[in-house]
Structure formats: structure tokens, C-alpha cells
Amino acid sequence: MVVKERGDKVEELNLEQPRDFLILRGFIDFTADEVDLISALTWKITLKTPLISSPMDTVTEAGMAIAMALMGGIGFVHHNCTPEFQANEVRKVKKFEQGFIADPVVLSPSHTVGEVLEAEIQHGFSGIPIAETGTMSSKLVGVVTSQDIDFFTGKDHTLLSEVMTPWNELVVALVGMTLKEANEILQHSKKGKLPIVNDQDELVAITARNDLKKNQDYPPASKDSHKQLLCGAAMGTHEGDKHHLDLLTQASADVTVLDSSQGNSVYQIATVHHIKQKYPRLQVTGGNAVTAAQAKNLIDAGVDGLRVGMGRGSICTTQEEVMACGRPQGTAVYEVAEHTRRFGVPVIADGGIQTVGHVVKALAPGASTVMTGSPLAATTEAPGEYFFSDGVRLKKYRGTGSLDATEKSSRSQKRHFSEGDKVKIMRGISGSIQDKGSIQKFVPYHSGIQHGCHDFGAHSLSVLRSMMYSGELKFEKKTTSAQMKGGVHGLHSYEKRLH
């Protein structure tokens with residue numbers, strides 16, 4: 001007897017928020033850890049983890065891009081800054097040597113204990129190298145550790161020259177040493193930090209005891225043919241962005257995303273043509289798009305990938321409050337991906353992601369990868385300094401169309417406004433998010449994606465998409481009451497710990 005499974009094909013539903021629908025389970029004949037998460041970012045670039053950090057100035061600079069690449073994803077460095085700053089952030093990622101910190105906080109002997117304590121609060125670590133000029137590439141003269149300043153208070157003006165562990169008591173290593181050798185020195189010396197110097201005793205990098213567990217070999221790391229970490233960068237479509245493109249290419253960026261909420265324009269098409277003519281090997285992701293018609297124009301122009309979504313981010317006001325423009329995100333992903341798959345152009349689902357379940361629901365309608373901002377904001381690797389409010393440690397998080405972001409850079413103003421605009425209409429907000437710690441704690445939680453695919457009966461993300469297009473993967477819309485019952489409910493209090 002054959003039992004027919006009830007449920008809808010994805011094209012039969014109008015999918016908005018991830019909470020609006022569920023995916024029905026399939027038959028399982030394999031374990032969850034066997035699920036293959038390899039998926040395409042562009043024509044030529046594949047990732048072992050389908051996660052991307054958004055090019056927002058409170059989400060992705062070098063630190064985030066490095067962490068994402070080490071764990072199999074990729075980061076797109078934002079462009080709400082000078083072209084030179086962005087290119088330098090890309091260069092840091094490409095030159096990153098696993099386990100060695102090339103741009104640590106450095107102070108000089110004339111700095112004070114109070115400034116060390118302030119740096120500890122802002123950056124979340126202790127153990128600061130002291131160099132003659134307070135910069136990298138100057139002569140190392142000592143290190144200040146927490147033991148050196150244990151009995152000092154916040155605004156103490158004692159000079160670091162009086163309290164630091166001096167050069168003659170330090171254990172240092174010469175540049176060129178491998179990470180394994182450096183870790184062995186740390187283990188045997190029982191020191192917290194190991195400065196790396198050149199033959200002139202100038203500071204080149206440091207490695208830390210606390211990083212020993214983190215600095216394991218990352219088998220899923222995203223790397224290019226030269227074994228360097230993959231790195232993406234955002235750019236605009238104005239004439240000045242051509243110089244910007246040159247700098248990014250010189251910094252060895254692997255892929256660029258044309259950063260626009262509405263990618264179907266003569267400006268983006270012209271930019272794609274320019275990039276493909278001048279730098280044919282550089283991968284280009286176009287967008288954003290929410291319809292097949294938009295996607296067609298960009299594919300015809302030559303894009304290697306497409307970003308899908310409009311106004312679905314937690315700090316974006318494009319859809320409901322300002323532009324009245326967009327599309328339900330699940331439907332947008334399906335409609336665009338269904339068209340682009342005929343041309344081999346992968347889709348990035350961009351926006352509206354809060355949990356690993358949302359990632360799974362973004363992949364199921366056809367996306368190859370998922371771009372996210374807010375889940376990564378306020379982590380150690382995210383740009384910005386921590387601050388305290390009512391005893392809570394926070395970092396700022398803001399939309400690229402917010403007033404704060406557009407005031408920071410003329411590049412952002414050009415993206416969102418015309419020169420003659422007398423009234424500037426904002427398309428995003430600013431806020432703050434509680435400190436989440438390092439993304440190394442919860443990005444590995446992507447195993448939840450494997451468990452989702454496992455329940456559907458999909459051995460891989462490519463199989464998941466095939467099941468969806470064949471109609472084997474079934475979807476069901478959730479009523480309002482089902483949405484309420486689908487989450488935690490009926491408890492007086494509870495603690496939610498996901499990692």
C-alpha cells in the first residue's frame with residue numbers, strides 16, 4: 001500500500017518569513033554527520049559551509065572575514081569606508097597566517113595602566129605588547145600582563161615602563177617560526193603571550209596561549225589555489241568605484257558583491273561589463289534581486305552569482321515603512337533560483353536570518369548559500385568597540401541605510417541618495433546588541449543545517465534542491481496559532497542556550 005504524503009510544492013505557497021512555513025520530513029537511511037554542506041557561491045567558488053557574513057560596517061572587516069573563511073564560509077568586507085581602508089582589510093585576510101595575530105593592540109612605555117585597563121574592556125583580552133613607538137614594526141621593549149596590573153584601578157596614571165615585564169624577562173620567537181613550534185614554546189614556557197620579532201627585535205606578530213585550542217587545523221577552511229583564505233568585498237556602481245575596484249584587485253580579493261538593494265539597473269549592468277572586461281578572473285555577485293526578470297538582466301550582463309532579498313533584515317525599513325517595495329523572501333529565493341539554475345548561477349539568500357532553522361528554510365527553496373548580519377553582530381570578531389549600558393556589554397549594530405551609517409561615509413550617501421535630494425529618507429535603523437563572544441562558539445552550530453537536511457532525507461544541499469524541484473520536498477504553511485505553539489511556550493521562565 002502506497003501512502004501519499006500531503007503537503008505543498010514550494011511554488012504553490014507564498015513564503016514570507018521563515019516562521020510562516022515548515023518542511024515535512026522524509027526517509028532517512030544515513031546519519032546527520034554524513035550530510036555534505038558543500039555549495040556554490042559563484043560559478044567558480046565553492047564553500048564547505050554555506051554561510052556568508054554581510055558587508056555591513058558593524059559586521060564584516062578583516063577579523064570577521066578571517067573567522068568565516070577558517071570555518072568554511074566567507075566574509076564580504078564592507079565599503080562604508082575609504083577604498084584604501086577596505087583594500088587593506090582584504091589584504092589582511094589574504095596574508096593571514098593561522099594562529100598569528102598580525103595587528104594586535106600595541107602600546108608604548110609612555111602609556112598608562114589606565115589605558116591598558118580601558119583596552120581590556122574594549123577588546124576583551126589582556127596581555128599587551130609594549131613597543132618603543134606603540135606601533136607594530138617598532139622595537140619590542142616589554143609586555144603588560146594582567147598579573148602586572150592586578151592591584152591597579154581604572155584611571156591609574158602609572159606609566160607602563162614602571163610595571164611592564166621587561167624585554168630581558170620575555171620569551172620571544174623569530175619570524176618564520178611555524179605555528180606548531182610557537183605553540184610548543186608557549187606550552188613549555190607557561191607564558192600567556194609569545195611575541196614574534198624580526199632580527200632587529202621589531203614586533204611582527206604575537207600568538208596567545210588562549211588561542212591554542214582555537215588554532216587547530218581547520219579542515220573546512222575556504223582557501224584559494226595559493227592556500228590563502230578566500231575573501232570577498234562589496235563595492236558600488238558609481239564612476240569612482242572603478243578606482244576602488246583596482247585597489248580590491250591589487251589586494252587579491254576573490255569575489256566582489258555589487259552592493260545595492262535594487263540591482264536591476266543600467267548602472268549595475270554597466271559595472272558588471274566593466275569588471276568582466278578589465279578583470280575577467282574576478283568573480284562578481286550581482287543584486288539584490290527578487291524576481292526572475294531582474295535576475296535575467298544581471299545574468300545576461302555576466303554575473304557569477306546573485307544576491308536575493310529586499311528589506312528583510314532586522315534593521316531594514318525598506319519594505320514596510322519607506323519604499324513599499326520588495327517580495328516575500330521565501331518566494332523571492334524560489335522564483336530567482338528556479339530561473340538562475342538553468343544558467344548555473346548560484347543564489348545567495350540575503351536577510352531575515354536569526355537562527356540555524358532560518359538558514360535551513362532559506363536553503364530549501366533553492367538558495368546555495370545564506371548571507372547573514374545580525375547573528376554575527378556584537379561578536380568578538382565584528383567591528384566596533386564594546387560599551388556598557390545598564391551593566392550590559394554591548395556593540396552597535398546598524399543598517400547600511402541608517403542615518404548613522406550614511407553619515408559615516410560619502411560612499412554610503414551616494415548609494416542611498418541623489419545629489420539633489422533636499423530630504424534624505426532613511427532605509428534602516430541603528431541599535432545595539434548584547435556581547436555574544438566569539439563566533440567560533442556558535443558558527444560550528446551549523447551542524448544544525450546537517451540535522452535539518454537529515455530529517456528531510458537529503459544527503460547534501462544539492463540533493464535538497466533536487467528534491468525541492470522534483471516536488472519530493474513538501475512544504476506546509478503554518479497558521480498563527482501553529483507559529484505560537486511551534487516555539488517555547490507555557491513556561492514561567494526558561495534559559496535558552498544553543499551553544
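This is a predicted model: local features need pLDDT of at least 70, side-chain atom pairs count only at pLDDT 80 or more; totals for chains, interfaces and linings use all residues.
How many bridges join strand β4 to β17? Three bridges join β4 (residues 51–53) to β17, and the two strands run parallel. Strands here are DSSP runs of E with at least two residues, helices are runs of H or I with at least four, and both are numbered from the N terminus. Two strands pair if DSSP finds at least two bridges between them.

Residues are numbered from 1 along each chain as its sequence is written, and side-chain values use heavy atoms, with hydrogens and water left out.

Now look at β17 itself. In a regular strand the side chains alternate between the two faces of the sheet. From β17 (residues 369–372), Thr369 and Met371 point one way, while Val370 and Thr372 point the other way. All are buried, that is, under 20% relative accessible area with a 1.4 Å probe and protein chains only.

Strand β16 (residues 347–350) also joins β17, in parallel, through three bridges. Asp350 is partnered there with Met371 of β17. The chain passes from β16 through helix α11 (residues 356–363) to β17 in a right-handed β-α-β crossover. Right-handed means that, with the strands pointing away from the viewer, the path from the first strand over the helix to the second runs clockwise.

Elsewhere lies an open sheet of three strands, ordered β6-β7-β8, with antiparallel pairing. β6 (128–131) and β8 (165–166) stand at the edges with a single partner strand each, so one side of each is left without a neighbour in the sheet. Strand β7 (residues 140–144) pairs with β8 over two bridges. Val143 has Thr165 of β8 as its bridge partner.

Definitions and conventions. Buried means under 20% relative accessible area, exposed over 50%, partly exposed in between (1.4 Å probe, protein chains only).
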